[in-house]
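Good morning, and thank you for coming.

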Amino acid sequence: MNRFNLKDLTLILFIAFSVWSSSFENCCAREGRQYWRQSSKAVPASVLVKKPKGYNHAGRRMLSSAIFNVLDYGAKGDGQTDDTKSFEAAWAAACKVEASTMVVPSGSVFLVLPISFSGSSCEQNIVFQLDGKIIAPTSSQPWGSGLLQWLEFKNLKGFTIKGKGIIDGQGSVWWGDSALRFYGSNGVIVTGITIQNSQQTHLKFDSCKTIQVYDINVSSPGDSPNTDGIHLQNSQDVVIYSTTLACGDDCVSIQTGCSNVYIHNVNCGPGHGISIGSLGKDSTKACVSNVTVRDIKMQNTMTGVRIKTWQGGSGSVQGIMFSNIQVSEVETPIMIDQYYCDKSKCQNESSAVAVSGIDYVNIQGTYKVKPVHFACSDNVPCTGVSLATINLEAAQKSQSSDPFCWEAYGELRTTTVPPIDCLQTGKSPIAKAQSTVDSC
């Protein structure tokens, strides 16, 4: 009886232990699944199901930058092999990931033919990290006919070009087209890079909004044709600062459709100065407003701060401030020219782009040809021109010249050196000047 009881007890204990073990495992498994659900947000994506590149474990696009190096897409970077297709492939990949970075690495020279980086189907906030050197072909053949740019970025949002790299248009071989062009883009930053020897304009913004350009260098010889430093057209809310511009044309060219432009702490020279225009060519309407140019140094430029318009145009230039401009051996530091003509001969026209509300404050230094040149329209005179703290002396005393004014109206808020006695005080008596101007 005792033996049976012992066996029976052993069997009962074994069954009880088995049941308890099974229950414990199920309980732990349930607790484990519950813990997984509670803590899955903290688990690295690498231990979960692998997602396509550029996505996190939740299937959302990563906001941290993903890197797309052109070398990983077949670029050689030897300065001789055509790397255009590699750049296109790297861009196509980076374009799909928000806040990604396309890298052009240092230590390599990339030969790239004319190329357009379109953002039509791209995510936002892409970075173009330029640390190496990009060079243009030395033959005009890749351009074909009608192509107006070399490197074009268009239809982008929140786009940045930065780095310590160089864009070299190799324009000394032939001078024809723009180097780096942005079109139809919003929220663009260009910083740190060097653009040199452009085929024509070095950096161009057309139909863009909210632009920042700072800490860049533009470098081309003073005799290189039409090599504007920065060209603005139909663009608004632009800031350019802490930049050095040396070129063969305008350091900054501000064309029709531009407003809210702020340029400061810029070194200019050689070049043609900082210009608004030319405007109104071929009887077109041009509108420029709210432009501030201040804290500028200019050396050996053709003009300093200039407004230039063609006869026969319409529209207006208004709300312009030029202040704290230091000039050194500049041919004509202050200029308004409503008779601008780059042809051998231009026909006289009665209409003009109206120029009004132009302030010149604290412009000092030396000139080589003429200190002030105001050549305004007979029918649409310049109005609201004010000058204060102007001190301009001839670089060579034997070549001193008097200011020139024609149909320019405004006021001298301080005495000037030399005296600008030719400026007519008050308002223009020509009522037609206001009635015929098309509003902008």
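Two strands are said to pair here if DSSP finds at least two bridges between them. Please bear in mind that the model is a predicted one.

With that criterion, consider β23 and strand β25, the latter covering residues 332-337: they pair in the parallel sense over 5 bridges. Within this pairing, Lys308 stands opposite Asp337 in β25. Strand β21, residues 274-279, also pairs with β23, again in the parallel sense, over 4 bridges. There, Ser275 is found opposite Arg306 of β23.

How many residues of strand β23 are buried? The count is 7 of the 7, over residues 303-309, so the strand is largely enclosed by the rest of the structure.

I turn now to the nonpolar core. In soluble globular proteins, nonpolar side chains tend to be buried together. The largest nonpolar core in this model has 96 residues, and those touching the most other members are Phe87, Phe128, Phe182, Phe205, Tyr360 and Phe374. Let us look at Phe374. Leaving aside neighbours within four places in sequence, Phe374 is in contact with Ile334, Ile336, Tyr360, Val385, Leu387, Phe404, Cys405, Trp406, Ala408 and Leu423.

Thank you; I welcome your comments.

Notes:
Residues are numbered from 1 along each chain as its sequence is written. This is a predicted model: local features need pLDDT of at least 70, side-chain atom pairs count only at pLDDT 80 or more; totals for chains, interfaces and linings use all residues. Side-chain values use heavy atoms; hydrogens and water are left out. Buried means under 20% relative accessible area, exposed over 50%, partly exposed in between (1.4 Å probe, protein chains only). Helices (H or I, at least four residues) and strands (E, at least two) are DSSP runs, numbered from the N terminus. A nonpolar core is a set of buried Ala, Val, Leu, Ile, Met, Phe, Trp, Tyr and Cys residues joined through side-chain atoms within 4.5 Å. Contact means heavy atoms within 4.5 Å.
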